[in-house]
Amino acid sequence: MTHSELSVLCKSCKINPVALTRFPPLACGDSETGKSANHLITSLLSSASGYSNYRGILNWCVVMLVLSNARLFLENIIKYGILVDPIQVVSLFLKDPYSWPAACLIIGLILHLFNLTSLLIFPSASVLTVTSITPVGGVLSLGTYTVLFLKLYSYMDSNKWCREIRQAKAKRMTRSYSCKYINMYYFIFAPTLCYQLNFPRSPRIRKRFLIRRLFEMLFLMQLLVGLIQQWMVPSVQNSMKPFQEMDFSRMVERLLKLAVPNHLIWLIFFYWFFHSSLNFVAELLQFGDREFYRDWWNSETVTYFWANWNIPVHKWCLRHFYKPMLRKGVNKFLAQTAVFLASAFFHEYLVSVPLKMFRLWAFMGMMAQVPLALFVSRFLNGNYGNAAVWISLIIGQPIAVLMYVHDYYVIHYGSTT
């Protein structure tokens, strides 16, 4: 190598020409990391590299997601115009007010929960009162009755357990001093479904925390209503004709188009209910157990998701349904299947009764989680399992929505539009 060629090489590598002449094997290595050219260096995107800092790629995914949703939303506005109408929502809730459940019935149910006979008449009472109610009012009313039923069952079962062990343990389980005489009524309004003699209590009510949660509740509620009116309703209406004509290509296209707003609305609703609303109620009542959800977004199996996205219901099922079955000798798989079966019943119950039709779409959707859970746990793991959980959430819910809306319009209007 000539002196001129050596000078050009040294300038490009930014090294000392003297070092190159004395130590040629080491000088052309990585001057920044100190690695020699004789060492094996793995590409960063290879699994063997051990590299895990993909923050830039994650940010890119977020930006692409935002831009994609912004394009879809802008396309919706250009095509349909502004459809958000708060007055329409108010008129929907005020429509036929005489068909709503009587206030005295709700108050009576709360005040007479101590009467064990109400456990027998409670399910039938809830059905009778919602059969003549509009679908929106029916969902809200039936949901309230179901929550009260679960609380009542927990109260009964917990007191039965205390009576059975009163000689050994119940004497040491004293009631909370803050709720000494109104423990049952405190439980009715507390954001939990599991009764106990002592509830964890926070030392004080944080006013700033309360105001933030209240602001989130009001803002997100308006956002949810606006997204449903502007994005969901037109997509569902445009999906009726492909379903009527059984045009599978257009059905899949409409399903994928509905998946984006449906999933976004579901995520907002999750934050509104499980974080903002339940924390607001808990702060008012100084309720200390704020574990309403865990990191379900990291779920690598279907069972992990269902056990962590709704902690109050999961704890109730675990305490009053799953563990009693295990104590009776039922194996874990059958017990888990029974929990899914009960959950499927309540999902169908909360949808079919207010809509006044029996289609089993919600029931079959929940029961389909059992084989899906087996498949994911056996063949997928890590990021692949997490991706499978997300796909089931994004695609599964729009299918159920379209099925119910299609059948509702066929039954009540004779033909789809």
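Gln-369 counts as buried, because its relative accessibility is 14% and buried means under 20% relative accessible area, with exposed over 50% and partly exposed in between (1.4 Å probe, protein chains only). Gln-369 lies in helix 16. Leaving out residues up to four places away in sequence, Gln-369 touches Val-302, Trp-306 and Phe-340. Contact here means heavy atoms within 4.5 Å.

Some ground rules come next. This is a predicted model, in which local features need pLDDT of at least 70, side-chain atom pairs count only at pLDDT 80 or more, and totals for chains, interfaces and linings use all residues. Residues are numbered from 1 along each chain as its sequence is written, and side-chain values use heavy atoms, with hydrogens and water left out.

Now the whole protein. It has 17 helices and 0 strands. Both are DSSP runs, numbered from the N terminus: helices are H or I with at least four residues, strands are E with at least two. Of the 417 residues, 35% count as buried. Take the contacts between residues at least 6 apart in sequence: 70% of them join residues at least 24 apart. The accessible surface comes to about 25900 Å², and 67% of that belongs to carbon and sulfur atoms. Such areas come from the Shrake-Rupley method with a 1.4 Å probe; for residues, only the protein chains shown count as cover.

Back to helix 16 and its partner, helix 14. Helix 14 covers residues 332-355, and its axis comes within 10 Å of the axis of helix 16. The two axes cross at roughly 135°. Axes are lines fitted to C-alpha atoms, for helices over the stretch in contact, and angles run from 0 to 180 degrees between N-to-C directions. Helix 14 and helix 16 are therefore oblique to each other. Angles under 35 degrees count as roughly parallel, over 145 as roughly antiparallel, 65 to 115 as roughly perpendicular, and the rest as oblique. Which residues meet here? Phe-333, Thr-337 and Phe-340 in helix 14 meet Gln-369, Val-370 and Leu-374 in helix 16.

Leu-360 sits in the loop between helix 14 and helix 15 (361-367). Its phi is near 70°, a positive value in a residue other than glycine. Leu-360 is partly exposed, with a relative accessible area of 31%.

Next, the nonpolar cores. A nonpolar core is a set of buried Ala, Val, Leu, Ile, Met, Phe, Trp, Tyr and Cys residues joined through side-chain atoms within 4.5 Å. The largest has 27 residues, and Trp-296, Phe-305 and Trp-309 have the most contacts inside it. Helices that each supply at least two residues of this core include helix 8 (135-164), helix 12 (302-308), helix 16 and helix 17 (383-413). Helix 11 gives the most, with 5 residues. A second, separate core of 20 residues includes Met-240, Leu-258, Trp-272 and Phe-280. As for Trp-309, it touches Trp-266, Phe-270, Phe-274, Phe-292, Tyr-293 and Trp-296, not counting residues up to four places away in sequence.

At 1% relative accessibility, Glu-283 counts as buried. Beyond its neighbours within four places in sequence, Glu-283 is in contact with Arg-204, Ile-205, Arg-206, Phe-209, Leu-210 and Arg-290. Gln-286 belongs to the loop between helix 11 and helix 12. Gln-286 has a positive phi of about 55° although it is not a glycine. It is partly exposed, with a relative accessible area of 21%.

Ile-211 and Phe-280 are 69 residues apart in sequence and 8.6 Å apart in space, C-alpha to C-alpha. Ile-211 lies in helix 10 and is exposed, at 58% relative accessible area. Ile-395 and Leu-256 are 139 residues apart along the chain, with their C-alpha atoms separated by 7.4 Å. Ile-395 is in helix 17. It counts as partly exposed at 25% relative accessibility.

Last comes helix 4, residues 55-80. Why does its span agree with expectation? At 1.5 Å a residue, its 26 residues should span 38 Å, and its end C-alpha atoms are 37 Å apart. The expected span is 1.5 Å times one less than the number of residues. Its buried residues are Asn-69, Leu-72 and Asn-76. What covers them includes helix 10 (207-245) and helix 11 (248-284). Just after helix 4, Gly-81 takes a positive phi of about 80°.
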